[in-house]
Amino acid sequence: MTTFRTVSSATFAASLACTAFGSAAQVPGRPLSPATPASAASAPASQTLAPVVVTGPFPVPASVAGFDDVPLSRAPLQATTVDAKKIRDAGVRRLSDLTRFDASSSDAYNTEGYIDSFTIRGFVIDNRFNFRRDGLPINAETSIPLDNKARVDILKGTSGIQSGTSAPGGLVDLVVKRPTAAPLSSAFVEYRQRGSVLGSVDLSRRFGEGDAFGLRLNAAAESLDPEVRHARGSRTLTALAGDWRATASTLVEAEIETSRRSQPSVPGFSVLGDRVPEVPDPRLNLNNQRWSLPVVFDATTASLRLTQQLAPGWRVVAHGLTQRLRTDDRIAFPFGCTAADGTYYADRYCPDGTFDLYDFRSENERRREDAGDVTLHGAFATGPLRHMFGIGALRSIVRTRSQGNAFNYAGTGNVDGTLQVPSAGDVTAPNTNRDERSTELHVRDRIAFGEQTALWLGARRTRLFRSGIGTDGSAPTDYRQAFTSPFVAATREVGADHLLYASWSRGVESDVAPNLPIYANFGQALPAARSRQFELGWKGAGERIDWNVALFDIRRPLFGDLGTCDAPGACTRALDGEQHHRGLDANASWRAGAWLLRGGVQWLRATTEDRADSALDGKRPVNVPAFTARSGIDYATTSMPGLTLQLAASYEGGRDVLPDNSLSIPSVTTFDLGVRFDKRAAGIGWTLRAGIDNLFDRRAWREAPYQFGHAYLFPLAPRTARISLQAEL
C-alpha cells in the first residue's frame, strides 16, 4: 500500500545532493562545508531518509540541475521522490511498480520477468540513456534491485542539461544506501500470494578513530512465484557501500553491488482481427511451451567518489562508475499471424485467437558502461549579483557485445495457451555489436537579483561517436555528432511560501533500429533528434499543505516504422514527424492531526504531427492516457498507537491501441488497501505490514504498448495479498 508524497521539485535533487556532493543528510556526522545546508546536517544520525518525509519546504540542494545550494522547493523543476520506507509500505519490488506514486508516470511494456520501462509525461523514456545511479549514467536494460536503494527520484521534463542524449519526459535516478552514523541492523521478510518469499538484511557500522570509516551491507534473496502461471524464478542481491572521512575536508565513498534474476517472461496479448478482446485470465502466460527458458539478468555495478572541500564555498567532486551486464533473453514470442484463408496480420493476432509463435533466443548479451565526472562547485558575487556556479566534464564509454540470435517460426499458438509447438532455437540471424564514446562539458549558473528573483542558465556540450557492426561482420555503421543542450529559467518568490517560475530547455536523443528481420536497417543507429520544452510552474508550501502545479509544452521528433512491415526487410526505422505533448501536472499533500491526504493529476493533450502517412496526423500516440490521477489517505489511529491505515486509488484514462486510433482500451480505476503497525519492544523496532493490491480484483487491460510494429495488450494483475515483518535494532 502506498504512503507516498508527491512534492514540487523538492526532493529529486537529494539524489545528487546527498550522494554526488556528499551532503551531510546522507552521510550523517561528516564535517560540514560552508555550502552545506545546516538543516540537512542536523538530521538525527539514524534517520538518513528524514529529509524526504518531513512536511513543508525542503532544504535539500537542487543538484540535479547543477544548482546544488538552492532548495528544490525554490528551483524551476518538477520531480517526485519515493524513499525506502514508501517502497516497503507499498510492497514495491520493481521499478515499474513506482508508476503508482506519480500521475505523470505510467507503464510502457511492463511485464513479469523482463526489464522495466516508464512513460513520463506521455513519452517512453530510454532505458539506455534516461537512468542514473547517484547521478551517473547507467544502462537499465536489466533487472534493477531496489533493496539497497535509499530512494528513487523521478525528474519530469526534458533533460538536456542533465544528460547528453536522452528521451524527453524525464529522468530516473537511483540513490544508493550509504553508511549511517549510528549502528543499524535491520532484517526483513515478506510473503506474497501465491508463494513468493523475500528475505533481506541491512547492516551499517562505523569504526576507526573518530568513526572515520563506515560500511553498509545489503543482501537479499527471493523465491519468485507470481500470480501469473509458468513464471517461477529467483533473484539475489549483495551490495556493500563504504566511506572514509579522510580529513575534515575530504570524503571518499565506494560501493559495489551484484545481482542476479532468473525468471520466464510473459508476452502480451493482442488485438484479435478488428476487435479488442475481452480481458482473459490475468494468470495466463502464453510463454508456456515445454522448451521455454527463463530470462536471466546478471549485473555488477561499482562506483568511487571523492569530495574535496577547496575553500569556503568551493569544492570539487570526482565520481566514477562501472557497470557490467550479462543477459540471456529467451521467450516463446507471439508475433502476428497467418489466418486460415492466407491473410497475414502483421501487427495483431488472427480473429480466431491464433498467432504465429516464434522461438526467440539471444544468449550471452554483454553490456558495459564506464562513466567518470569531475565537477567544480562554487559561489561568488559580481557586484550586486550572487552566483551559484558549477562547471564540469563527463566522459562515458558504452560497449555492447552479442552473439547471433534465433527468431524462428515455431508454429501456431492460441490465446488459450493450449497449443504446444516444437522448438526452433537454431541461431539463424546476426545480432549487432555497438560502441559509443561521449564527452560532455556542462556549465550552470544561478544568478540571484536580490532576495526574490533569480535567473538560471545552463548548457551541456556533447561530442559523441557511435558505431555498430553485425556479429557476422555485416552492415558496419558509424557516425559522429556534436550538439549543445541549453537551459534557461527565471524564478520569482512571492512571499515566503510561493514561487513562480518559467523555463525553456532542449534535449537530444537517438535511436537504433530493432534487431528484427522485418527491419531493412536492423541494428543500425539513427540520427539524433532535438526535442524542446517550455514550462510554467507555481509552488506553495505551508505548515499543513504543500502543492505544485505546472503547465508544459514538449515537442519531440518522432522515430517511426516506414513501410508495410509485413515481411523481412519491409520496415525501415526512421524519423517520421513529431510528437506534441501539452499538459498540466498538479500535486498536493495535506496533513491534519492523524490524517495525511495526498494526490496528483495529469491532464495531457498528445498528438502526432507531420507524419509520412498523412492519415496519422493529429492522432494520439498509442498507450498514452489523456488523464491520470493518483490519490491516497493515511490515518494514524489514536486508539492503537503505531497503527496506520492506508488507502490508495489510481485512475488512468483510456489508451489508444493502434496508431490510427481506430481501437482503444477503456479507463481503469483500482484501489489498494494497506496497514502498518510500528512497535518497539525489548530494544527492537518492529514493523508489521500487510496489504491487498487491486482490492476489488478489477479485470481490465492495464496498458497497450505498440512495440516492433505490433500491438500488445497487458491485463491488470489480479488481486494480490502480501504480509511482511521488519525488525530493526
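The structure is a prediction in which local features require pLDDT of at least 70 and side-chain atom pairs count only at pLDDT 80 or more, whereas totals for chains, interfaces and linings use all residues. Residues are numbered from 1 along each chain as its sequence is written, and side-chain values use heavy atoms, with hydrogens and water left out.

The protein contains four helices and 41 strands, where helices (H or I, at least four residues) and strands (E, at least two) are DSSP runs numbered from the N terminus. Taken along the principal axes, the box filled by the C-alpha atoms is roughly 75 × 60 × 45 Å. Of the 729 residues, 60% are buried, a class defined by under 20% relative accessible area, with exposed meaning over 50% and partly exposed in between (1.4 Å probe, protein chains only).

Strand pairing was assigned where DSSP finds at least two bridges between two strands. In general, the strands of a sheet pair through backbone hydrogen bonds, either parallel or antiparallel. An open sheet of three strands has the order S4-S5-S6 with antiparallel pairing, and its edge strands, each pairing on one side only, are S4 (105–107) and S6 (123–124). Within this sheet, strand S5 (residues 118–120) is joined to S6 by two antiparallel bridges, and Thr-119 is placed opposite Val-124 of S6.

Strand S13 (residues 213–224) is joined to strand S14 (residues 233–247) by twelve bridges in the antiparallel sense, with Thr-238 of S14 as the bridge partner of Ala-219. Strand S14 also pairs with strand S15 (residues 250–263), again antiparallel and over twelve bridges; here Gly-242 has Ala-254 of S15 as its bridge partner, and the hairpin that joins S14 to S15 passes through two residues.

Strand S11 takes part in two antiparallel pairings. With S41, S11 pairs in the antiparallel sense over seven bridges, and the bridge partner of Ala-187 in S41 is Ala-727.

Strands S11 and S41 also contribute to a nonpolar surface patch. This patch, of about 580 Å², is made by Val-189, Tyr-191, Val-197, Trp-686, Leu-688, Ile-723 and Leu-725, and the elements that give two or more residues to it are strand S11 (184–192), strand S36 (684–693) and strand S41 (720–728). Patch residues have over 30% relative accessible area and no salt bridge, with like charges joined within 9 Å and nonpolar side chains (Val, Leu, Ile, Met, Phe, Trp, Tyr) within 5 Å. Accessible areas come from the Shrake-Rupley method with a 1.4 Å probe, and for residues only the protein chains shown count as cover; a salt bridge is a side-chain nitrogen of Lys or Arg within 4 Å of a carboxyl oxygen of Asp or Glu. Trp-686, found in strand S36, counts as partly exposed because its relative accessibility is 35%.

A search of the whole structure for disulfides (pairs of cysteine sulfur atoms within 2.5 Å) finds two. Cys-337 is joined to Cys-350 with an S to S distance of 2.1 Å, and the torsion about this S-S bond is about 110°, so the disulfide is right-handed. Because Cys-337 lies in strand S18 (residues 337–338) and Cys-350 in the loop between strand S19 (344–345) and strand S20 (354–382), the pair ties together parts that are 13 residues apart in sequence. Cys-337 counts as buried at 1% relative accessibility, and Cys-350 is likewise buried, with a relative accessible area of 0%. The other link joins Cys-565 to Cys-571 (S to S 1.7 Å); it is right-handed, with 65° about the S-S bond of Cys-565 and Cys-571, and both of these cysteines, Cys-565 and Cys-571, are buried. Counting bonded cysteines along the chain, the disulfides follow the pattern 1-2, 3-4.
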